[in-house]
Amino acid sequence: MKNQKILGLIGLTAACSIGFGAIAGPADDSLVINGETEIVTKTTAPAYIDGLSEIYSGWHFREADTRVMQADDFDNPGMLGVEAAKDVWSEVDGSEGKACASCHDDPASMAGVRTQMPKFNEAKGTMYTMEMYINDCRTERMGAEAWGWDDSDMINMTALISSVSRGLPMSVAVDGPAAPFWEQGKEMYYTRYGQLELSCANCHEDNYGNYIRADHLSQGQINGFPVYRLKSADLSSIHNRFKGCIRDTRAETFKPGSPEFIALELYVASRGNGLSVEGPSVRN
């Protein structure tokens, strides 16, 4: 109990030092993309999540003009990445003379894939993210070079694959062979990092709805990734965002694609089970 009090005091001090401000809860709004695809942005939290009773998409914590931008593909700048990936989808690359379309036909055939990511890969005996499945296709089936985790082609392709699942509920498995990875991710989520001694939960569970400097804290859900960030004017991957968050605690961060971030992705994705896939979404 004494240690808990000390940690609580440290967390409170850190929170004050980086400026948690006034409360402004999630916007009372609904998202329908292109006037036809209804997006579940609020639902009951999964039973295995202790710290939340309801879960909200990060969309609820953006300004009204940003929320409107995501509702129309002509206004959503992330859709430029989707269009670029559609061209790459049909381009032959590698020694086998194949394109993505050679095996998967139209991108619409990938509907539902994003809802299950990350997923335990039985053949490889470990957790696989969407990026890893894409690179396996490139290296093992196409005879092409692997893409870097944050290469534009990779992020655009994940945006394309996400876009055909918009409106479908996230349904990441947390049991069976995924269980030990989920437990590792959960431990990371509640571990305090850096000079500021902050965990993911300190911001996205304990303080969502508050302002940190000028940013409105969300629950940190990742059903909208990849996201187009207005701040940097580009699409950003899940692991890139994790890296930025840990750096904000003034800690040495893990690398995109690291086992630590893969486990964290699984746990955070599971916190959003039931929310609709939104990617590519628009965020600050």
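Helices (H or I, at least four residues) and strands (E, at least two) are DSSP runs, numbered from the N terminus.

Now, what are we looking at? This is a predicted model, in which local features need pLDDT of at least 70 and side-chain atom pairs count only at pLDDT 80 or more, while totals for chains, interfaces and linings use all residues. Residues are numbered from 1 along each chain as its sequence is written, and side-chain values use heavy atoms, with hydrogens and water left out.

Let's begin with helices α5 and α6. Their axes come within 10 Å and cross at roughly 110°, so α5 and α6 are roughly perpendicular to each other. On the α5 side, M130, E131, I134 and N135 meet M154, M157, T158, I161 and S162 of α6, where contact means heavy atoms within 4.5 Å. That contact divides into five nonpolar, three polar and one charged residue. For these classes, Ala, Val, Leu, Ile, Met, Phe, Trp, Tyr, Cys and Pro count as nonpolar, Asp, Glu, Lys and Arg as charged, and the others, Gly among them, as polar.

Helix α6 (residues 152–163) also packs with helix α3 (residues 79–89), at an angle of about 100° and with the axes 8 Å apart. That angle makes α3 roughly perpendicular to α6. The α3 residues in this contact include G81, V82 and W89, and those of α6 include D153, M157 and L160. By class, the contact of α3 with α6 has eight nonpolar, three polar and two charged residues.

Next, the empty spaces. Rolling a probe the size of a water molecule over the atoms shows where empty space is left. Here the search uses a 1 Å grid over the protein atoms alone: a cavity is a set of points where a 1.4 Å probe fits but cannot get out, a pocket is an open set with protein on both sides within 12 Å along at least five of seven lines, and lining residues have an atom within 4 Å of a point. Grid points are joined across faces, edges and corners, and a volume is the space filled by probe spheres set on the points.

Which residues lie nearest the centre of the largest pocket? They are H204, D215, R241, C245 and D248, out of 42 lining residues. The volume of the largest pocket is about 1,200 Å³. Helix α9 gives the most to this lining, with ten residues. By class, the lining has 19 nonpolar, twelve polar and eleven charged residues.

The second largest pocket holds about 360 Å³ of space. Of its 21 lining residues, H104, M110, Y133, I134 and C137 are the closest to the centre. Here α5 supplies the largest share of the lining, seven residues. The classes are 15 nonpolar, two polar and four charged.

How many cavities of 30 Å³ or more are there? The count comes to one, and about 100 Å³ of space lies in the largest cavity. Its lining includes R114, M117, T158, F225 and P226. The elements giving two or more residues to that lining are our friends α5 and α6.

A cis peptide bond joins M117 and P118, with omega about 0°, and P118 sits in the loop between α4 and β6 (119–121). Another cis peptide bond joins F225 and P226, with omega about -5°, and P226 is in the loop between β9 and β10.

Back to α9 for a moment. Its buried residues (under 20% relative accessible area, with exposed over 50% and partly exposed in between, 1.4 Å probe, protein chains only) are I238, H239, F242, K243, G244 and I246. Their cover includes β11 (234–236) and α10. After α9 comes R250, which has a positive phi of about 65° although it is not a glycine.

Leaving aside neighbours within four places in sequence, R67 is in contact with A27, D29, W59 and R62. Thanks, everyone!

Conventions: Axes are lines fitted to C-alpha atoms, for helices over the stretch in contact, and angles run from 0 to 180 degrees between N-to-C directions. Angles under 35 degrees count as roughly parallel, over 145 as roughly antiparallel, 65 to 115 as roughly perpendicular and the rest as oblique.
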